[in-house]
Amino acid sequence: MLPSIASLLQLQERDQRLRGLTKDLKDVPVLQQRAKLQLADDTAATEAALTGVREIEVKIKNVEIDIQTRQNTIKRLQDQQFETRKNEEFQALGNEVIRYQNEVRGLEDKEIEFMEQLEAAKEVHKAAAAKLAATTARVNEEIAQLEERGINLKARIDEITADRATLAAAVDSGDLSLYDRLMKSKGNAAVVPVENGICGGCHMKLVTATLTELKANDHLVHCEQCGRVLYFA
Ligand SMILES: [Zn+2]
């Protein structure tokens, strides 16, 4: 193998690793964002449960006001009843009092019903809040792990980038610019092995002249199809 091929392969190995690591690093914030999305459902469920509790609390408050209003009326009617001298009016006021007392009993039953609903709604909210807390803890852990992963990836990238610079400095400048150009245009590899007369880059069969040139082993030879630099595996 030509020494320049060996150098370019070392360079290529670093570039391919850098490519993978850079992609992983770019994924970190995407994965963190995705982790946060897991909170959306549990947050919505907790908020809905709290709204449920508040709605029942309002119903109870309203029933209590209705009861109080009727009790005030009853008090007023009883005062009137106490003051009247007319038997008929006394009787009529008495009937009114009974009617309001019945209404109060009905409202009190309703209040008990709402109280029971409130207890159930509070349980639902408590369970939803607990689930949200557990999910939040898990998501925070996941985000922290991803954060650490990002830091490690950056360190690894810096390390390989420095290593790559050292390797690149030792490569002939003409070979290097050729390699950089090919790497940029081909994306995955600039220097590829030949196996069974087939280019490892584009997987096309190489013509005999190219193979003969490659066997001479005295200069860089390109695939006539894709232009990548060839070597015998
Ligand atoms: Zn090719």
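Four bridges join strand 1 to strand 3, and these two strands run parallel. Strands here are DSSP runs of E with at least two residues, helices are runs of H or I with at least four, and both are numbered from the N terminus. Two strands count as paired if DSSP finds at least two bridges between them. The model is a predicted one, in which local features need pLDDT of at least 70 and side-chain atom pairs count only at pLDDT 80 or more, while totals for chains, interfaces and linings use all residues. Residues are numbered from 1 along each chain as its sequence is written.

Strand 1, residues 191-195, also pairs with strand 2: two bridges join them, and they run antiparallel. The three strands form an open sheet in the order 2-1-3, with mixed pairing. Strand 2 (198-199) and strand 3 (229-232) are the edge strands, each of which pairs on one side only.

V194 has C199 as its bridge partner in strand 2, and F232 as its bridge partner in strand 3. E195 stands opposite I198 in strand 2.

What lies between strand 1 and strand 2 in their hairpin? There are two residues between the strands, and in this hairpin N196 takes a positive phi near 50°. N196 has this positive phi, about 50°, although N196 is not a glycine. N196 sits in the loop between strand 1 and strand 2. A residue is called buried if 20 or more other C-beta atoms lie within 10 Å of its own, exposed if 12 or fewer do, and partly exposed in between, with C-beta atoms placed from the backbone. N196 counts as exposed because it has 7 C-beta neighbours inside 10 Å.

N217 has a positive phi of about 55° although it is not a glycine. N217 is in the loop between helix 4 (208-216) and strand 3. With 12 C-beta neighbours inside 10 Å, N217 therefore counts as exposed.

Helix 1, residues 3-83, lies across strand 1 and strand 3 and runs at about 115° to strand 1. Such an angle is taken between N-to-C directions and runs from 0 to 180 degrees; the axes are lines fitted to C-alpha atoms, for helices over the stretch in contact. A nonpolar core is a set of buried Ala, Val, Leu, Ile, Met, Phe, Trp, Tyr and Cys residues joined through C-beta atoms within 7 Å. The largest such core has 14 residues, of which Y179, A190, V229 and L230 touch the most other members. Helix 1, helix 3 (173-186), strand 1 and strand 3 each supply at least two residues of this core. Helix 3 gives the largest share, three residues.

Two residues are in contact if their C-beta atoms, placed from the backbone, lie within 7 Å. Which residues does A190 touch, not counting those up to four places away in sequence? They are Q12, Y179, L182, M183, R228 and V229.

H125 is found in helix 2. H125 is buried because 20 other C-beta atoms lie within 10 Å. Leaving aside neighbours within four places in sequence, H125 is in contact with A49, L50 and V53. H125 and A209 are 84 residues apart along the chain, and their C-alpha atoms are separated by 78 Å.

A165 also has its place in helix 2. With 10 other C-beta atoms within 10 Å, A165 is exposed. A165 and Q81 are 84 residues apart in sequence, and from C-alpha to C-alpha they are 104 Å apart in space. A92 lies in helix 2 as well. A92 is partly exposed, with 15 other C-beta atoms within 10 Å. A92 and Q81 are eleven residues apart in sequence and 8.9 Å apart in space, C-alpha to C-alpha.

For the chain as a whole, the domain assignment gives domain 1 (21-169) and domain 2 (172-233). Such bounds come from an automatic or database domain assignment. The C-alpha centres of domain 1 and domain 2 lie 66 Å apart.

The last topic is confidence. The predictor's confidence in each residue is its pLDDT, from 0 to 100. The protein chain has a mean pLDDT of 97, and 100% of its residues reach 70 or more.
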